[in-house]
Amino acid sequence: MWNQLPEVQAKVSEFISRHSAVEGRRVVLVTSGGTTVPLEANTVRFVDNFSAGTRGATSAEYFLDAGYAVIFLHRQYSLQPYSRHYSHSKNCFLDYMTTNGQSGEAKLPSPEQSPKVHVDPEYESAMIDVLLKYRKAKDQHLLLMLDYTTVQQYLLYLHQICKIMGTLLGRRGMFYLAAAVSDFFVPKARMVEHKIQSREGALTMVLEQVPKFLKPLVKDWAPSGYIVSFKLETDPALLVPKSQQSLDRYGHQLVIGNLLNTRKWTVTFVTRESHNNVTLTPAEQRDGVEIESVIIPELVKRHADWIGVEKR
Ligand code: PMT
């Protein structure tokens with residue numbers, strides 16, 4: 001973990017320097033996916049937080065569409081921008097291809113016929129859209145991908161990235177914290193080295209509380225940044241009060257509340273002054289509209305206002 005830090009710092013510094021030099025370019029840090037809590041130093045078992053990385057990966061694409069440069073800090077092997085359309089789906093990626101350029105191959109060619117691989121025409125037009133966006137992000141160096149696995153690694157990288165962004169970008173930096181971060185961990189001093197043995201019967205472990213990082217982020221690491229955190233609850237009655245509590249406690253700009261079972265079509269924007277729901281209509285849901293296509297343009301506007309306040 002520590003030995004990868006200089007590489008991460010160098011990549012982030014290069015990325016931020018490049019984009020801070022571009023007039024008007026805004027940069028967003030998107031965090032995405034769950035964090036693990038290892039139970040053993042040689043880790044066989046770990047506790048995990050729920051998150052496939054859908055929110056983060058989807059949001060990153062809409063930020064890129066809006067002209068942002070994106071640092072995508074994600075859990076290793078969770079969903080990623082652009083490839084998410086073809087990974088983790090019911091289809092195997094090979095289902096998007098044919099050997100003769102036509103859907104529904106009746107007869108498979110033999111290897112001796114040296115068949116060529118083509119995209120299945122059924123998927124071609126959707127794939128072209130994704131491919132062009134992906135190539136643009138790549139060719140213009142607009143997307144920096146960094147991965148983590150454990151909660152310790154996540155916090156270490158988050159700290160470094162926020163400090164660099166805070167120093168070089170000021171109000172042009174946005175922090176979009178969609179990762180599902182563990183509240184509990186096993187401190188190194190109390191962690192056993194080898195695999196915990198089952199012969200001793202039931203396992204009792206005490207997990208310590210992970211320090212709340214939002215406080216130093218808002219106060220010290222990136223005090224001028226536009227900071228958006230997510231709040232995940234399962235009890236609807238708690239969503240708004242807990243989001244407001246988070247704003248009171250940490251003093252950042254916005255909490256986006258979501259419930260586990262409805263997160264794909266409804267979220268609540270909570271500020272110190274107000275709270276309002278954003279919900280996809282049944283028709284939008286049927287048509288496959290992604291709620292991030294509504295969330296991100298709204299954030300782009302709010303971020304512009306935040307930058308405007310400094311200029312006035
Ligand atoms: O990836 P998907 O499957 O699409 O799921 C997306 C999501 C539901 C995971 C996402 O939309 C979401 O809600 N992410 C935040 C989940 C979460 O960690 O919620 P929380 O209520 O535990 O934490 C609230 C806030 O406190 C978070 O912004 C977190 O960054 C912050 N926190 C958490 C732990 C910690 N030690 N310090 C913190 O400051």
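Does Ser-114 count as buried or exposed, and how many C-beta neighbours does Ser-114 have inside 10 Å? With 7 such neighbours, Ser-114 counts as exposed, where a residue is called buried if 20 or more other C-beta atoms lie within 10 Å of its own, exposed if 12 or fewer, and partly exposed in between, with C-beta atoms placed from the backbone.

Before I go on, residues are numbered from 1 along each chain as its sequence is written. What you see is a predicted model, in which local features need pLDDT of at least 70 and side-chain atom pairs count only at pLDDT 80 or more, while totals for chains, interfaces and linings use all residues.

Ser-114 lies in the loop between β5 and β6 (118-119), helices (H or I, at least four residues) and strands (E, at least two) being DSSP runs numbered from the N terminus. Although Ser-114 is not a glycine, its phi is positive, at about 45°. Tyr-77, also not a glycine, has a positive phi of about 70°; Tyr-77 sits in the loop between β4 (69-75) and β5 (97-98), and it counts as exposed because it has 12 C-beta neighbours inside 10 Å.

Contact here means that the C-beta atoms of two residues, placed from the backbone, lie within 7 Å, and, leaving out residues up to four places away in sequence, Ile-71 touches Val-12, Phe-15, Val-27, Leu-29, Leu-144, Leu-146 and Ile-161.

Leu-177, in strand β8 (residues 173-177), counts as buried because 23 C-beta neighbours lie inside 10 Å. Beyond four places in sequence, Leu-177 is in contact with Thr-31, Val-228, Ser-229 and Phe-230.

Ser-229 and Phe-230 bring us to the ligand, since both, together with Thr-54, Leu-214 and Leu-232, come nearest of the 20 residues around it; a residue is near a molecule or strand if its C-beta atom, placed from the backbone, lies within 6 Å of it. Both α2 (54-65) and β11 (226-233) supply at least two residues of this shell, and the largest share, four residues, comes from β11. By type, the shell divides into 10 nonpolar, five polar and five charged residues, counting Ala, Val, Leu, Ile, Met, Phe, Trp, Tyr, Cys and Pro as nonpolar, Asp, Glu, Lys and Arg as charged, and the others, Gly among them, as polar.

Finally, helix α6 (residues 236-250) has 15 residues, which at 1.5 Å a residue should span 21 Å, and its end C-alpha atoms, 22 Å apart, agree with that; the expected span is 1.5 Å times one less than the number of residues. Just after α6, Gly-251 takes a positive phi of about 75°.
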